[in-house]
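Have the coordinates open as you read.

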Amino acid sequence: MLKRPHHFERFQSAYLFSEIEARKAEFLKKRPEAQLVSLGIGDTKLPLPSVVVEALVRAAAELGTEEGYSGYGRTEGMNLLREALVRRFYPHLSPSEIFISDGAKSDLGRLQMIFGSKCVVAVQDPAYPVYLEGSLFQEVEGLHLLPCLPENHFLPSLPEGIDLLYLCNPNNPTGKALTFEELEAVVRCAEKNRFLIIYDGAYAAYIQDPTRYPSSIYAIEGAERVAIEVNSFSKLAGFTGVRLGWSVIPKALTFSCGGSIWKDFSRFNQLLFNGASNIAQKGGLAVLSDEGYGATQRSIALTMENAALLKAAFERAGYTVYGGKHAPYLWIHTPDIPSWELFQIFLEEKELIVTPGSGYGLSGEHFIRVSAFGKPSTIRSILERIAP
Ligand code: MLT
């Protein structure tokens with residue numbers, strides 16, 4: 001009979017956001033009349049701009065016509081979309097180095113599967129659960145957790161002897177954005193110590209000052225020799241439900257034997273994935289058009305106004321608040337209360353869902369994460385609950 005892999009025992013019983021959903025359902029059973037508002041999972045709430053909706057509708061309608069129908073596309077995605085991404089974000093890279101995906105999380109999983117177990121991995125702590133749990137799933141040879149705390153400005157020193165570093169910038173959950181100098185130091189360290197950076201840029205669009213804070217790792221000279229960038233339309237354009245992302249795998253990247261990472265990624269991506277939805281990709285093209293991009297910038301500005309209002313409210317309530325300036329997340333220090341306890345207090349006393357920091361790792365204990373995604377009217381309506 002099939003044996004359960006023994007390393008499964010090392011996982012928390014439920015995935016963080018599923019645990020939150022379960023507690024929410026439990027609470028609503030007791031208090032069905034509650035006016036719950038979620039500041040928990042970073043889920044976008046604003047409607048898509050009409051230019052994007054029209055492109056999605058057109059793409060769906062074409063599927064109902066003889067001339068417009070299309071089946072499987074290329075695994076690596078539509079060339080037009082890859083070219084549009086290069087024009088908008090990576091002018092010195094080639095469209096052939098862009099791989100369209102159905103979202104950053106799936107691509108992170110595929111990269112983990114491809115890099116396998118023969119590697120020593122470093123993960124920021126706290127971090128998006130997929131980096132750590134996905135590495136545990138692969139039973140990697142070594143794992144370093146790098147505490148990111150106010151004391152080190154959420155920027156850990158990097159250990160020697162690692163093969164892979166996960167770096168999320170701007171950071172989920174701490175909201176920290178790296179300056180050009182800070183990111184450059186990480187890239188130089190990767191060159192010197194010969195490790196690969198898996199750079200998660202899913203929140204890049206929230207950077208408010210691109211002259212100080214880089215919005216792609218390839219803004220740093222030489223990064224194409226040491227970094228893969230994983231990215232997504234989810235937070236950029238409200239595509240959390242539509243599902244579309246991309247990864248940049250530069251051709252200059254190699255394994256220690258000199259073999260091409262790009263070549264192996266292409267090969268195994270074809271094995272493991274059938275490409276992103278053709279409807280979603282046409283929506284992505286509309287997002288990257290001048291009109292679509294302008295509209296998404298307006299939605300992002302509204303989210304950042306929410307972040308500023310929430311930050312001020314939590315500060316009025318006496319909390320120390322990090323983040324929220326170049327990222328849609330506030331990272332709130334609660335030194336006297338464990339995070340799940342505070343989660344429960346916010347749920348029961350304020351009818352607000354927050355994310356307990358300990359769900360992102362040991363160094364997240366005594367923090368909660370608050371997401372600024374939401375309709376401005378909803379966010380304004382709950383400020384009183386935070387700071388009465
Ligand atoms: C989060 O809240 O951390 C993210 O929205 C989760 C995700 O992107 O999967």
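Helices (H or I, at least four residues) and strands (E, at least two) are DSSP runs, numbered from the N terminus. This is a predicted model, where local features need pLDDT of at least 70, side-chain atom pairs count only at pLDDT 80 or more, and totals for chains, interfaces and linings use all residues. Residues are numbered from 1 along each chain as its sequence is written, and side-chain values use heavy atoms, with hydrogens and water left out.

Let's start with the cavities. On a 1 Å grid over the protein atoms alone, a cavity is a set of points where a 1.4 Å probe fits but cannot get out, and lining residues have an atom within 4 Å of a point. The structure holds 3 cavities of 30 Å³ or more, the volume being the space filled by probe spheres set on points joined across faces, edges and corners.

| Cavity | Volume | Largest share of lining |
|---|---|---|
| Largest | about 150 Å³ | α10, 4 residues |

Of the 17 residues lining the largest cavity, Thr 44, Leu 46, Ala 237, Gly 238 and Ser 299 lie nearest its centre. For the second largest cavity, the lining includes Leu 111, Phe 115 and Tyr 166, and α4 (104-115) and β5 (164-168) each give two or more residues.

Now the helix pair. Helix α2 (residues 50-62) packs against helix α9 (residues 278-288) at about 150°, their axes 8 Å apart; axes are lines fitted to C-alpha atoms over the stretch in contact, with angles from 0 to 180 degrees between N-to-C directions. The two helices are therefore roughly antiparallel, a label for angles over 145 degrees.

Definitions and conventions: Angles under 35 degrees count as roughly parallel, over 145 as roughly antiparallel, 65 to 115 as roughly perpendicular and the rest as oblique. On a 1 Å grid over the protein atoms alone, a cavity is a set of points where a 1.4 Å probe fits but cannot get out, and a pocket is an open set with protein on both sides within 12 Å along at least five of seven lines; lining residues have an atom within 4 Å of a point.
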